[in-house]
Amino acid sequence: ACYDGLIRMAPQDAKGGPRKDAVVGCGFLAGCLGKSISFPLDTVHRHLSVQSLKIGRPDAQGKLSSAVPYNSMVDAFKKIIARDGWKALFQGLPATWLQAGPGIAIQFLVYEQMKVWAGV
């Protein structure tokens with residue numbers, strides 16, 4: 001939906017289709033926006049996944065951990081924000097943009113080219 005909205009505003013080539021540089025730019029922006037929206041959920045998912053690895057292992061003081069830090073996804077959101085602030089939910093996002101943006105841009109470039117070849 002984001003890509004469709006962006007590509008409608010993009011400059012057209014001589015044949016009336018979107019220019020390739022516009023397709024790449026719109027794909028990159030759409031990919032980054034999509035990752036930005038879902039990233040807090042990914043962060044909480046990582047925290048919930050890692051907590052199971054910590055149970056039964058010694059902490060920095062040598063005590064075995066038996067407590068589960070998070071009871072649910074909502075609990076994890078609340079505790080992460082309370083402990084580290086809301087910015088912690090987006091920690092590592094720029095690296096994700098560098099990974100996802102170009103990949104999604106290429107996907108949309110291929111998609112647009114396939115539409116041209118198919119005559120759609």
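**Figure 1. Aromatic pairs in the predicted model.** In this predicted model, a search of the whole structure finds three aromatic pairs. One of them joins Trp86 and Phe90, whose ring centres lie 6.2 Å apart with their planes at 75 degrees, so the pair is edge-to-face. Trp86 has a relative accessibility of 55% and therefore counts as exposed, whereas Phe90, at 29%, counts as partly exposed. A further pair is made by Phe108 and Tyr111, with ring centres 6.4 Å apart and planes at 85 degrees, and this pair is therefore edge-to-face as well.

**Figure 2. The aromatic cluster of Tyr3, Phe108 and Tyr111.** These three residues, Tyr3, Phe108 and Tyr111, form one aromatic cluster. Because Phe108 and Tyr111 stand three residues apart in helix α4, about one helical turn separates them. Phe108 is partly exposed at 22% relative accessibility, and Tyr111 is likewise classed as partly exposed, with a value of 42%. Leaving out residues up to four places away in sequence, Tyr3 touches Phe108 and Glu112, and its contacts also include Val23, Cys26, Gly27 and Ala30.

Figure 3. When residues up to four places away in sequence are not counted, the contacts of Glu112 are with Tyr3, Ile7, Pro18 and Val23.

**Figure 4. The largest nonpolar core and another core apart from it.** Seven residues make up the largest nonpolar core, namely Tyr3, Ile7, Ala10, Ala22, Val23, Cys26 and Ala30. Helices α1, which spans residues 2-8, and α2, which spans residues 20-54, each supply at least two residues of this core, and α2 gives the most to it, with four residues. Another core, of six residues, lies apart from the largest one, and among its members are Tyr70, Ile80, Ala88 and Leu89. In soluble globular proteins, nonpolar side chains tend to be buried together.

**Figure 5. Phe77 and the residues it touches.** Phe77 lies in helix α3, which covers residues 73-84, and this residue is partly exposed, with a relative accessible area of 21%. Leaving aside neighbours within four places in sequence, Phe77 is in contact with Pro40, Leu41, Val44 and Leu89; one of these, Leu89, also belongs to the core of six residues. Phe77 and Thr43 are 34 residues apart in sequence, while their C-alpha atoms are 9.1 Å apart in space.

**Figure 6. A nonpolar patch on the surface.** The side chains to follow in this view are those of Ile106, Val110, Met114, Val116 and Trp117, which form a nonpolar patch on the surface and together have about 570 Å² of accessible area. Met114, one of the residues of this patch, is found in helix α4, which runs over residues 93-118. With a relative accessibility of 46%, Met114 counts as partly exposed, because exposed residues are those over 50% and buried residues those under 20%.

Note on methods: Residues are numbered from 1 along each chain as its sequence is written. This is a predicted model: local features need pLDDT of at least 70, side-chain atom pairs count only at pLDDT 80 or more; totals for chains, interfaces and linings use all residues. Side-chain values use heavy atoms; hydrogens and water are left out. Patches are made of residues with over 30% relative accessible area and no salt bridge: like charges are joined within 9 Å, nonpolar side chains (Val, Leu, Ile, Met, Phe, Trp, Tyr) within 5 Å. Accessible areas come from the Shrake-Rupley method with a 1.4 Å probe; for residues, only the protein chains shown count as cover. A salt bridge is a side-chain nitrogen of Lys or Arg within 4 Å of a carboxyl oxygen of Asp or Glu. Buried means under 20% relative accessible area, exposed over 50%, partly exposed in between (1.4 Å probe, protein chains only). Rings of Phe, Tyr and Trp (its six-membered ring) pair if their centres lie within 6.5 Å; planes under 30 degrees apart count as stacked, over 60 as edge-to-face and the rest as tilted. Contact means heavy atoms within 4.5 Å. A nonpolar core is a set of buried Ala, Val, Leu, Ile, Met, Phe, Trp, Tyr and Cys residues joined through side-chain atoms within 4.5 Å.
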